[in-house]
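Subject: Structure for you to look at

Dear colleague,

I am passing on the structure we spoke about, and below it I have written out what was found. Please keep the model open while you read.

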Amino acid sequence: MRIIEGFRLRQIAGEYYILGEGLRQLQSGFNQVMQMNEAAAYLWENIEGKDFDEETIARLLMAENDFTHEEALEYAKQTLECWKNIPIIE
């Protein structure tokens, strides 16, 4: 998986947001701003511009949190499913 080109993480007034900054986002009808919590922003910063999968996300979560592998993998699956449905990853 990869983040779809043209989506950027921005920090505004201490909050994190994903913004679509390209023609592809406009043509696809993406006209929203998505707020992210710190954990999601951390994940985004560590996968931006890279290929990743559920295991990549799980490892990142375990590095920063007190998650078991199973907990981290479940959170990774939920996060990626959400991001696919928006869609901001492919």
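Axes here are lines fitted to C-alpha atoms, for helices over the stretch in contact, and the angles between them run from 0 to 180 degrees between N-to-C directions. This is a predicted model, in which local features need pLDDT of at least 70 and side-chain atom pairs count only at pLDDT 80 or more, whereas totals for chains, interfaces and linings use all residues. Residues are numbered from 1 along each chain as its sequence is written, and side-chain values use heavy atoms, with hydrogens and water left out.

The overall picture

The secondary structure comes to 4 helices and 3 strands, where helices (H or I, at least four residues) and strands (E, at least two) are DSSP runs numbered from the N terminus. Along the sequence these elements follow the pattern β-β-α-β-α-α-α. The protein has 90 residues, of which 33% count as buried; buried means under 20% relative accessible area, exposed means over 50%, and partly exposed lies in between, with a 1.4 Å probe and protein chains only. Of the contacts between residues at least 6 apart in sequence, 47% join residues at least 24 apart, a contact being heavy atoms within 4.5 Å.

In helix 3, which spans residues 54–64, the buried residues are Thr56, Ile57, Ala58, Leu60 and Leu61, and what covers them includes helix 2 (38–47) and helix 4 (69–85).

The axes of helix 2 and helix 3 come within 10 Å and cross at roughly 125 degrees. That makes helix 2 oblique to helix 3, given that angles under 35 degrees count as roughly parallel, over 145 as roughly antiparallel, 65 to 115 as roughly perpendicular and the rest as oblique. The crossing of helix 2 and helix 3 is right-handed; a crossing has that hand if the near helix is turned clockwise from the far one by less than a right angle, and is left-handed if anticlockwise. On the helix 2 side the contact is made by Tyr42, Leu43, Asn46 and Ile47, and on the helix 3 side by Thr56, Ile57, Leu60, Leu61, Ala63 and Glu64. These residues divide into 7 nonpolar, 2 polar and 1 charged, where Ala, Val, Leu, Ile, Met, Phe, Trp, Tyr, Cys and Pro count as nonpolar, Asp, Glu, Lys and Arg as charged, and the others, Gly among them, as polar.

Helix 3 also packs with helix 4, at an angle of about 125 degrees and with the axes 8 Å apart, which makes helix 3 oblique to helix 4. The crossing of helix 3 and helix 4 is right-handed. Here Glu54, Glu55, Ile57, Ala58, Leu61 and Met62 of helix 3 meet His69, Ala72, Leu73, Tyr75, Ala76, Lys77 and Leu80 of helix 4, and by class this contact has 9 nonpolar, 1 polar and 3 charged residues.

Asp53 lies in the loop between helix 2 and helix 3 and is partly exposed, with a relative accessible area of 37%. Leaving aside residues up to four places away in sequence, Asp53 touches Met1 and Leu80.

Helix 2 against helix 4

The axes of helix 2 and helix 4 come within 12 Å and cross at roughly 80 degrees, and these two helices are therefore roughly perpendicular to each other. Ala39, Ala40, Leu43, Trp44 and Ile47 in helix 2 meet Tyr75, Thr79 and Trp83 in helix 4, a set that divides into 7 nonpolar, 1 polar and no charged residues.

Individual residues to look up

Met36, in strand 3 (residues 34–36), counts as buried at 5% relative accessibility. Not counting residues up to four places away in sequence, Met36 touches Leu9, Tyr16, Ile18, Ala41, Trp44 and Trp83.

Ala13 is in the loop between strand 1 (7–12) and strand 2 (15–20); although not a glycine, Ala13 has a positive phi of about 50 degrees, and at 79% relative accessibility this residue counts as exposed.

Finally, a cis peptide bond joins Ile86 and Pro87, with omega about -15 degrees, and Pro87 is in the segment after helix 4.
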